[in-house]
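Please read them with the structure open.

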Amino acid sequence: MTLTQLRYLVAIADSGLNITVAAERVHATQPGLSKQLKQLEDELGFQLFVRKGRSLEAIAPTGQRVLAHARRILEEAANIRAYAANERGEAVGRLIIATTHTQARHVLPSAIAAIKRRFPQVSVHLEPVADGEVLEQLAHGAADVAVLSTAGQVPDGGIAVPLFRWRRQVLVPGGHPLGSLAHPPSLADLALYPLVSYESSVRPESSLRRAFAAAGLEPQLAMTARDADLIKTYVRAGLGVGLLAEMAVGAREDEDLLALAAPAELPECISWAVLPRARVSRDYALELIHALAPQLDLRDLRRVLEGNQEADWALPPSWVELSQPITQ
């Protein structure tokens, strides 16, 4: 039995039992992958998959148990390699970041640039996905670190490190009635207009919908999008009042729009970096987190990841407090 055979087994399972796709993922030929699978089954003495002709139909019950062990073995082999690379001070590798479009567009660029300057031989790959899919990428091993926001609750699925706090802002075109108010718009004011916000706003459990419900109001969600820049586009097109993260507002190209403070009833949010709990992170992944949150002590972060210290993080700074060093 070899690590290569176990890697091929996991690739087949994760490719929907499609041998061709699995072979592409592990950079092998289809006949070579099939041969390795047969050798593994011959050694074990039973079939790992239910077959119909030459096609794989399902993972056999015995195959499911072997697959679970194979995943753990491959994870530990990867941990040994990562630990050894860190000990050697090796600055070569690949960093995959699962994140939202807002974080990718408005928070991560300068931090990634800093990592590339320090580790020029590290290739960085961004995976912008919907809010609800970020942690799934981490759980499936498709990312090394996740960067996302919540309205206060600590994300599950790994070791969550708070980066900064942020609030929403209301965005309207020039001349909009909300812009002439003598006070920041209230929830009741916003309820009078169609809103354009993030797609997560349609969920009943979203902090926006909960805030409106607590006030006995119903938001008029005219349109939702994953991307803050799309929200701005449709605010300009007259579809409604924008509600989006403050990190996404204030660029020079937004000078035609008016940014207003969001109602205080909309809760403050926290941006987090989440690292997989059972995986050894490369040093450059930790440096990325430090670039995003320079208030953190890297020694504390390493102790937490090694299980030698509880994750008792201080309240992170606000985006306004932190944005100056991040954007320099």
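1. H27 counts as exposed, because its relative accessibility is 75%, where exposed means over 50% relative accessible area, buried means under 20%, and partly exposed lies in between, with a 1.4 Å probe and protein chains only. H27 lies in the loop between α2 and α3 (30–44), and although it is not a glycine, it has a positive phi of about 55 degrees. Helices (H or I, at least four residues) and strands (E, at least two) are DSSP runs, numbered from the N terminus.

2. This is a predicted model, in which local features need pLDDT of at least 70 and side-chain atom pairs count only at pLDDT 80 or more, while totals for chains, interfaces and linings use all residues. Residues are numbered from 1 along each chain as its sequence is written, and side-chain values use heavy atoms, with hydrogens and water left out.

3. L17 also has a positive phi, near 65 degrees, in a residue other than glycine. L17 lies in the loop between α1 and α2 (19–25), and L17 is buried, with a relative accessible area of 17%.

4. For the protein overall, the secondary structure comes to 13 helices and twelve strands, and the C-alpha atoms fill a box of roughly 80 × 45 × 35 Å, taken along the principal axes. Of the 328 residues, 43% are buried. The accessible surface comes to about 16800 Å², with 52% of it belonging to carbon and sulfur atoms; these areas come from the Shrake-Rupley method with a 1.4 Å probe, and for residues only the protein chains shown count as cover. Where contact means heavy atoms within 4.5 Å, 72% of the contacts between residues at least 6 apart in sequence join residues at least 24 apart.

5. Why is β3 described as largely enclosed by the rest of the structure? The reason is that five of the seven residues of β3 are buried. Two strands pair if DSSP finds at least two bridges between them, and β3 runs parallel to β4, to which seven bridges join it. β3 also pairs with β5 in the parallel sense, over three bridges. I97 has bridge partners in both of these strands, namely L126 in β4 and V145 in β5.

6. The largest pocket holds about 1800 Å³ of space. On a 1 Å grid over the protein atoms alone, a pocket is an open set of points where a 1.4 Å probe fits, with protein on both sides within 12 Å along at least five of seven lines, and lining residues have an atom within 4 Å of a point. Grid points are joined across faces, edges and corners, and a volume is the space filled by probe spheres set on the points. The lining of the largest pocket has 43 residues, and A78, G141, A142, D144 and R279 lie nearest its centre.

7. Which elements each supply at least two residues of the lining of the largest pocket? They are α1 (3–14), α4 (61–88), β3 (93–99), β4 (122–128), α7 (134–139) and α11 (283–292), and the largest share, nine residues, comes from α4. By class, the lining of the largest pocket has 19 nonpolar, ten polar and 14 charged residues, with Ala, Val, Leu, Ile, Met, Phe, Trp, Tyr, Cys and Pro counted as nonpolar, Asp, Glu, Lys and Arg as charged, and the others, Gly among them, as polar.

8. The second largest pocket has a volume of about 760 Å³. It is lined by 34 residues, of which D131, S149, T150, S200 and R203 are the closest to its centre. Two or more lining residues come from each of α5 (101–106), β5 (145–150), β8 (194–198) and α9 (207–214). By class, the lining of the second largest pocket has 13 nonpolar, 13 polar and eight charged residues.

9. Two further residues deserve a look in the coordinates. Q220 is in strand β9 (residues 220–225) and is partly exposed, with a relative accessible area of 37%. Leaving aside neighbours within four places in sequence, Q220 is in contact with A191, L192, Y193, P194 and L195. L315, in the loop between α12 (298–305) and α13 (319–327), is exposed, with a relative accessible area of 67%. The C-alpha atoms of L315 and R165 are separated by 8.6 Å, although the two residues are 150 residues apart along the chain.
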